[in-house]
Amino acid sequence: MDYRQKRKLSFLTIGLIFLLSGVEYAVILPTIWRYLQLLEAPPYFLGLGLSAFSFSGLVSGPVFGHWSDKTRATKTIILFSNVFEIVGNFMYFMGYSKWLLLSSRLVAGIGAGAGSSIFGFLTRTTLPDERARVFADVMACRQAGLLIGPAFNIFLRLCDFKLGPFVVNKYTSPGLFMCGMWVLMQFAVMVLYWDIPPLDSFPEQQMPLREVRGEEDEPLMSLEDEHMAAAEDSYGSVSPEQTETQLSSELPPSPPDSSGLKKSTAFSLFLSVEFLREEVVVLLTAQFITLFNQTALETMVTPLTQKYFGFGELGNSVMYSLCGVEVIAGFFLVRWLSRVLEDRVVLAVGLLICSGACVWCLIFLANPQGGFAFELTEFIIGVFLQLLGLPFVAVSQVSLFSKVTAEKTQGFSQGVRRSVGGLATILGPLWAGGLIGNLYVMLGMMMLLLTLIMIMMVLSYEKLVEPPRVEHAEDSENGG
């Protein structure tokens, strides 16, 4: 099996993993609110339950990312992380108490940390010109899972039987179902996934890039350009790897017993160079704010539809299915736009749409009035606008982030990015969960955060570009 075929199968497996993560979210989110009520949990447990998954992913993401940077053993990491998904979902199925339910989301969230290793793998095995499209495809797979998941819920809600000492009903069955699906995913990873080497590890005379490029609609980069691009992996004239090496070499000589301190100091300096640059700070802030607002709105939606429209599990499942259709269409739109627009332009469009959605919600949803039909129309428009902006921001910021950070440490960098997002998905539900009865305050804070990131983006717009890697490499050769 050649490089191109292994690459295809590996990308297919990654798509299935993200598809399954979307299915898990879609089958659990519509039922967890009533599940907690059945276990006599107080209302704030909804926010805790949604945040617990993100918290453990926040911690495990950089660990798995650093592991993949050091070993490049992404397959092993995925297999290991899926074990936590299997155990966590089985705990959710058991559901003896609200604390076991909370713990189940904590355990399952550890498995989600493998996403940092996966994004690092995708960055190392794609060319910059195709990366936004690959990321859009992967993210669309998750949204497809969000679309398919509620369809499973329609059947899972009919479960009403016993499996040994365990009760299988419409609340516990999602955990059992996802446990079985993650077990099947383990076999798929073992058979289909390959730890293929990075593109920049090939000498110029070898052909994998040309084989991959032959499938694209347009030429991406020449093999020579890609080879030179590998020499510089970050924004500016000096790559973060080079900076780390220089900083390490500039440290004064030390005795053998202080080597650990020397490495720690060099790593700290590298982190400050890598993550405190203006463009990186802007992208991480955009990641935090958009996910904070998204998860806050998601937390608000279920109680809101129950209060104003009388939606139950079936109504919420249908709603999430329709939302999934819109978001998938949005990712395909962004995939097409990425061919003709810069990532920063796509990001700006997405933030403008999200700001418009927040203004609409603040005006019309904070205190709905006008009768059932009018209130439902206001709600649909608000959700539509919010979901429309999501693919623009999600794809553009992760694509830009992969281009302005070093490929050598991409797994760890993606882990940091996902941890920032994880922190947002912890704080978002907690913020919204405590303010469901005071939507003006909740939505006002979201609008304030969007205004902040819009100002930051305007001030840093010139720096939100892919590093001029090829040009710099050519200049270096001419100068040498």
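Colleague: This is a predicted model. Why is Glu342 called partly exposed?

Modeller: Its relative accessibility is 41%.

Colleague: What makes Arg344 buried?

Modeller: Arg344 has 13% relative accessibility. Buried means under 20%, so the label holds for Arg344.

Colleague: Why is the contact between Glu342 and Arg344 called a salt bridge?

Modeller: The closest N and O atoms are 2.7 Å apart. The cut-off is 4 Å, so the pair of Glu342 and Arg344 qualifies.

Colleague: How many salt bridges does a search of the whole structure find?

Modeller: Eight. One of them joins the side chains of Glu24 and Arg105, at 3.3 Å from N to O. That value is within 4 Å, so it counts.

Colleague: Why does the pair of Glu24 and Arg105 tie together parts apart in sequence?

Modeller: Glu24 sits in helix α1 (residues 3-38) and Arg105 in helix α4 (residues 98-112), so the parts they tie together are 81 residues apart in sequence. Both Glu24 and Arg105 are buried.

Colleague: What makes Asp137 and Arg335 a salt bridge?

Modeller: Their side chains meet at 2.7 Å, N to O. That is within 4 Å, so the term applies. Asp137 lies in helix α6 (residues 128-156) and Arg335 in helix α13 (residues 313-337), so the pair links parts 198 residues apart in sequence.

Note on methods. Residues numbered from 1 in each chain as written. Predicted model: local features only at pLDDT ≥ 70, side-chain atom pairs only at ≥ 80, totals over all residues. Heavy atoms only, no water. Helix = DSSP H or I, 4+ residues; strand = E, 2+ residues; numbered from the N terminus. Buried < 20%, exposed > 50% of the residue type's maximum accessible area, 1.4 Å probe, protein only.
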